[in-house]
Amino acid sequence: MSRHRIVRGMDYNDEYDGYDDVYGHSVDDDCVSPTDQQWLFDRTRGQHSMSAFINKNKNIQEEAEDNEDDDDEEDEVYQKSRRDSENFQMPELDDTAQAKLSSCVDEVRSVVGDAVSERRIVETSMRFDYDIQKILDEILNEETNKKDKGKRSEKFKLNTTPAAKTVTTSKPTPTKITLSTVKETRRGFDIASPKAPASPNLSGRNTPTEGGDEAGRNTNAIFKVSKDQAQRNIQQLYEQERSSQKSQIHMIVIGHVDAGKSTLMGHLLYDTGNVSQRLMHKHEQESKKLGKQSFMYAWVLDETGEERARGITMDVGQSRIETKTKIVTLLDAPGHKDFIPNMISGATQADVALLVVDATRGEFESGFELGGQTREHAILVRSLGVNQLGVVINKLDTVGWSKERFLEIVHKLKSFLKQAGFKESDVSFTPCSGLTGENLTKTAQEPGLKAWYDGPHLLDVIEHFKVPERAVDRPFRMSVTDIYKGTGSGFCISGRIETGALCVNDKVLVGASREQAQVKSLSIDDLTQTSAFAGDQISVTLGGVDMSNITVGCIICDPQMPIPVTTRFQCRIIVFNVKVPITMGYPVLLHHQSLIEPAVVCKLTASIHKSTGEVVKKKPRCLGQNSCALVELETSRAICIERYSDYKELGRVMLRVAGVTIAAGMVTKIR
Amino acid sequence: MKLLGKYVDKGMQGNVTLVPEEPEDMWHAYNLIAEGDSVRSTTIRKVQNETATGSSTSSRVRTTLTIAVESIDFDTQACVLRLKGRNIEENQYVKMGAYHTLDLELNRKFELRKPEWDTIALERIDMACDPTQSADVAAVVMQEGLAHVCLITASMTLVRSKIEVSIPRKRKGNVQQHEKGLAKFYEQVMQSILRHVNFDVVKCVLIASPGFVRDQFYDYMFQQAVKMDYKVLLENKSRFMLVHASSGFKHSLKEVLQDPAVIAKMSDTKALGEVKALETFYMMLQCEPTKAFYGKKHVLRAAEAQAIETLLISDNLFR
């Protein structure tokens, strides 16, 4: 930058002070990458006045990168380093220096691998006069700094250590910004490195901002949000609003068709007083009229005419009960094979699961066999991130409360669930009867059961589920599960907030088209709220966006830190039992949150060893049963997706073909 | 397709005159014509005339041209075939070597000359001209909120319309919206069937869906047909067939075509045989992975070793 300053009246002695430090990378001035070039003031290019240049570049659309807590950090760094390497030309040196340099680069490469751009290595080596030890120190230090920063950024709102504070609150002093590579590549926090001068945080690119121009620096995000939204302290708000309330948990009820899931839940709701006597009586009368009296409890959750007429659940039913310490959202999943897509969209919202199995002779076996839903559901919820499971052995009254039957089923399920990846300590077994209501909310009364069972009743089991940690302080993400016309103007969407928080009047981005919308009102369970946090099941009235632009499954996100939108990404999949091996070009249905989208397996990158994670074979020809692999998927339409390492909830995918789940995966890379 | 004349000599050189009659024939024509062939057909060309004084007028003239095909362009959904190439037969309007793009039209004959006819091309002509094979089936693959109305012909599947409606989920005390959304969706699908399915040609309409969507839709459609007096639907009620499919996306059509009930009802379409062949391939890949290979390199290697028993090749690559 030194040459951008007015030379007239310059104190040359001052200039030469820094001459030696800068010497090593003066070469950089000659090889600025073309992308950077356009942001540089250069008199020789005919930009004669600095002010004209600044004016012209005032409205630069910055890339959506935010130095302070940038979750796309790694990607950006990768992008940048790639840009660097592509545009980088080797500095011109004499032969000996060239030889030294190349041996030096090789040496460094062998240690750090490909993660560091060539440009950086070359520059660092020149700076340290080809002293390998120093160069490595420098480069590796930087890497760890970056990682440190990554961790820090996650919790930076909580973090009030003086070091972090100085950075986040430091006033940008009008220091001279030297265009040196050191600062250019070292982005964000430089806390640990003592050499770093106390310069203001530079954005990744070398925009020559003036020291005092503070506003210019905060426009990193593409979309403007209100000051209130940008500066909110979510953690504080969360504690303020929620510390007095009961903790929330979402529980999905799964199991084979006709295992009695809806009846069990209906009865539970009735027993906990969430269904009025009058309504229950009505259901009883109506179901009696149809000759299906046993369905009276199921009707609490199966509300559509079709569901009642056929006597099966088709879509996920939602309800809510309060226990002593928890508010539990019940998600009643359909058990029928054809409605697994609905069940998946329900399960993505769940924290814990209740697996209902039918104890009747023959029924349990048919549900548990290959192709039965007991198996598929259990595997599905496990791969969707549910790790606490309560198993309910239902309809024990039909086998006379036989202890042997109970133990037989427990034994069979235990070994299977262990295989599926559930920890033994996270699985509990409860005998009960959904229809008679035995052992639901009160301890066993039936003498047949009382004789051998003295464990907890169902409500107790639910009570003892651990509440998972909510990522309240991450950027806001929510997946849409439903769109409907609300009362009044606008329309409503509902879904679960995966991470972050949302307040009324916030601006949000909708889906892959990244349309901006404003939150008009928020409600949780028909109660209007001003703010909602990760883990809440909310419905939002949106303004400023057309209803037809939102589809079920799209993600709503924070405008400052938008979710990546892509059509192609890499993921690590575990292949289940497949009849046909997965080959290149294999069409699948991709399930991501509530989204169902056709996709194509376009590249089989490597097959991986299941437990060690080592690459067994690069570019395998096909993937057979029970294998594990890295594959690339391509969708026809752009979708919003996150890497598993960034957002667990939004980085999980399911692949299904012809009504069978063939694989579960985690997103590792987004193109 | 109608075959008007065929002159192929012993050296397999010669020409064939054909008249495409249906959109599907364009597909056959597309597969017949390769780069380097010459095609003769009537076409419209803009001709510029310069008078003695130097002013120029342009007019559109219908003329017969013969071009050496250089590039072929086919829109599968609209069934339009465009051939671009140089003129090789001079006439009063068009000079030798001038570029022209021929649009093949329905019911206009064209003459195709190939430097060498192979058996596959000749077989295709026979097949295209066989009237018994033109069996049309319409299929509606649907799930709640998504439907594809397709026409299945002997050699291709045309998506006629895609319907995407977001249907509100059931929620506590708010079932009406769900049912209203569903009714709206069914109405759209029904209208699309009325618009796109020509019951004079279509022998059978398959309605495929997961769950009970197909039954619900079927009931809705005929209730509405009675109410609104849609005679076409009522008269052809027997042609509707309900089949299971795993989803409403296009590729679940594959499952529909594999359904034994459908196979029995449909005359042998080409897709059916191909699906079967592909299935055997996958089976082999699963059971004996050393016997099944795919991909250009692997197949070439296998061909070198003369180890290929059955070779599956995509139309695209073959061309």
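This is a predicted model: local features need pLDDT of at least 70, side-chain atom pairs count only at pLDDT 80 or more; totals for chains, interfaces and linings use all residues.
Which residues in H1(B) meet which residues in H2(B)? The notes below take that up at point 2.

1. Local features are held to pLDDT of at least 70. Totals for chains and interfaces use all residues.

2. Helix pair in chain B. On the H1(B) side, the residues are B:Asp25, B:His28, B:Asn31 and B:Leu32. They meet B:Ala121, B:Arg124 and B:Ala128 in H2(B). By class, this contact of H1(B) with H2(B) has three nonpolar, two polar and two charged residues.

3. Geometry of that pair. H1(B) spans residues 23–32, and H2(B) spans residues 119–128. Their axes come within 10 Å and cross at roughly 170°. That makes the two helices, H1(B) and H2(B), roughly antiparallel, because angles over 145 degrees count as such.

4. Helix H3 of chain B. H3(B) runs over residues 175–196 and has 22 residues. From first C-alpha to last, H3(B) reaches 32 Å, close to the 32 Å expected at 1.5 Å a residue.

5. Buried face of H3(B). The buried residues are B:His178, B:Gly181, B:Leu182, B:Phe185, B:Tyr186, B:Val189, B:Met190 and B:Ile193. An α-helix has 3.6 residues a turn, so residues three or four places apart point the same way. The cover over the buried residues of H3(B) includes strands S8 (136–143), S9 (146–152) and S10 (157–164) of chain B. Helix H4 (213–228) of chain B is also part of that cover.

6. Interface between the chains. Chain A puts 28 residues in contact with 23 residues of chain B. On the chain A side, the elements giving two or more residues are helix H16 (305–310) and strands S2 (317–322), S7 (477–484) and S17 (586–592). S7(A) supplies the largest share, four residues. By class, the chain A side divides into twelve nonpolar, nine polar and seven charged residues.

7. Cores. The largest nonpolar core has 136 residues. Those with the most contacts inside it are A:Met251, A:Ile252, A:Val253, A:Ala347, A:Ala353 and A:Leu355. Leaving out residues up to four places away in sequence, A:Met251 touches A:Val328, A:Thr329, A:Leu330, A:Leu331, A:Ala350, A:Val352, A:Ala353, A:Leu354 and A:Ile462. Another core, of 35 residues, lies apart from the largest one. Among its members are B:Leu151, B:Val197, B:Phe217 and B:Leu257.

8. Chain A overall. Chain A has 22 helices and 22 strands. Of its 671 residues, 40% count as buried. Among contacts in chain A between residues at least 6 apart in sequence, 71% join residues at least 24 apart.

How values were computed
Residues are numbered from 1 along each chain as its sequence is written. Chains are lettered from A and ligands numbered from 1 in the order in which they are written. The expected span of a helix is 1.5 Å times one less than its number of residues. A residue is buried if 20 or more other C-beta atoms lie within 10 Å of its own, exposed if 12 or fewer, and partly exposed in between; C-beta atoms are placed from the backbone. Two residues are in contact if their C-beta atoms, placed from the backbone, lie within 7 Å. Axes are lines fitted to C-alpha atoms, for helices over the stretch in contact, and angles run from 0 to 180 degrees between N-to-C directions. Angles under 35 degrees count as roughly parallel, over 145 as roughly antiparallel, 65 to 115 as roughly perpendicular and the rest as oblique. Ala, Val, Leu, Ile, Met, Phe, Trp, Tyr, Cys and Pro count as nonpolar, Asp, Glu, Lys and Arg as charged, and the others, Gly among them, as polar. A nonpolar core is a set of buried Ala, Val, Leu, Ile, Met, Phe, Trp, Tyr and Cys residues joined through C-beta atoms within 7 Å.
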